[in-house]
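Please look over the sequence and the structure before reading on.

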Amino acid sequence: MASVTDIGFRPSSFKKALAEVSFAYEQVPFFAEHLDEAGIRLEDVRTADDFRRIPTTQKIDYRRNFPQGVLARGKTLRDPLTLKSQSSGTGGERLTTITHTYALAERMRATLFANKVLGEALARCRSHRPIRYAAPNCSDVECATPFTTIQDRTLPDGTLVLPVSHDVLATPDQLVQQAIDETEEFDPHWFYADATHLAFLVRQLKARGLKPPQVSAVALTYTLVTGVARRQLQEFFGADMPMAEIVSMTELGWVAIECPAGRMHVNNQTFFAEFLVDGRPAGPGERAELVATSLGDRISPHLRYRTGDIYSLGEQPCVCGSDLPQATHEGRLTTMIKVVKDGAPALISPRDVDRAVGPDLPIDVYQLRQPASGEMEFRYIPSAGARVDEKALRERLLDMLGTTTSLAIESVTYIPAARTGKFASCVSEVTQPASNGGEQ
């Protein structure tokens, strides 16, 4: 059913994906029209090659057809055990989606199979008391003012959303102290946070001479985890703290997780995962977009959904023992940096940039910006009292970008977040915005 290059192909998931196509065609108005327009007949979809004939779907398809067009017949936004949420708007306009809570829980459980250390730490949390610290657009409640209470910002599942400014590095002392006080009062069991945001909070705690909250685990999501943010978190919480990077999307829930060996694994048990380059399956080492199909979603299924997330495929199996496909998350398609290297066009990913910067430099936060014209800009905030060897930093960056790249490096005290409130380590005005994809 699959060619040898279909990395991550799981026969049981493919069988469920075929059932998902049948359900979506028969029960979801948008998909009936989508497949009919493409001339796809259900009886003709048998193999992986057949499956790839189904046109991919994108965020704009769900936005234009929400709610009636993308909900299964008989389903409403008020159905029990459903979660209605909005994306942060990283890829453009915000997207409203609805999902069964049990489906999200199952996707989380399946993804956690690749990190038993984190899974066991979360299982030890007898009652569900996580704290969320991320951009307000990711929070589902109002959290950017000092006038809300703990009760206002506690989600139905028991998660407390800490207050934070829309622009995290500009968060005033009043909101910082409120977040610190509420953390102590709430006594959380684990953090579910953006790494840049949590590293900012850690610096505030350290500046006040405070000890780390006694949490059991730290889950890092929303944006790509940089080495400098991870270093600050590990130094503060301790090297033994169960901590992992997670790729999660509003539309789909948990998609991928970092294993204890430090490698990323994509959940292909509760999704049918395709890694594609120009529509074909990618091979080992290639960078590919993840296209995901939901399995068993009977309220708002996703068929061949372009996530907009780019992965580089690793060799199998991983030393951690997980059978989930190994694939490093390189970042979003819209955050890639376009350069000419060795005389040929090249795409530099946020992960490439982070590898070049490394975790060892005394930097708190950085951002590489590629304007539409002019030289590239690398701005960084040095750690307190530290001096960064900019000559060595330049050599690292130009070795990655190409020695002909025009690059300015500047030490600053502030770097603004994006309009979504997320803080991106790479910003490109050259890479064309894509309409596809979801939110991490």
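The model is predicted: local features need pLDDT of at least 70, side-chain atom pairs count only at pLDDT 80 or more, and totals for chains, interfaces and linings use all residues. Residues are numbered from 1 along each chain as its sequence is written, and side-chain values use heavy atoms, with hydrogens and water left out.

**Helices H8 and H9**
- Helix H8 (residues 195–207) packs against helix H9 (residues 227–237) at an angle of about 45°, and their axes are 9 Å apart; helices are DSSP runs (H or I) of at least four residues, numbered from the N terminus.
- Axes are lines fitted to C-alpha atoms over the stretch in contact, and angles run from 0 to 180 degrees between N-to-C directions.
- In H8, the residues that meet H9 include Leu-198, Val-202 and Leu-205, while the H9 side includes Leu-233 and Phe-236; contact means heavy atoms within 4.5 Å.

**Burial of H9**
- H9 is mostly covered, with nine of its 11 residues buried, that is, under 20% relative accessible area (1.4 Å probe, protein chains only).
- Among the buried residues are Arg-230, Arg-231 and Phe-237.
- Gly-238 follows H9 and has a positive phi, near 105°.

**Gln-177 and Arg-208**
- Gln-177 lies in helix H7 (residues 173–186).
- The side chains of Gln-177 and Arg-208 make a polar contact (3.1 Å).
- The C-alpha atoms of Gln-177 and Arg-208 are separated by 9.9 Å, and the two residues are 31 residues apart along the chain.

Terms used
Helix = DSSP H or I, 4+ residues; strand = E, 2+ residues; numbered from the N terminus. Buried < 20%, exposed > 50% of the residue type's maximum accessible area, 1.4 Å probe, protein only. Polar contact = N/O pair within 3.5 Å; in protein donor to acceptor, adjacent residues only side chain to side chain.
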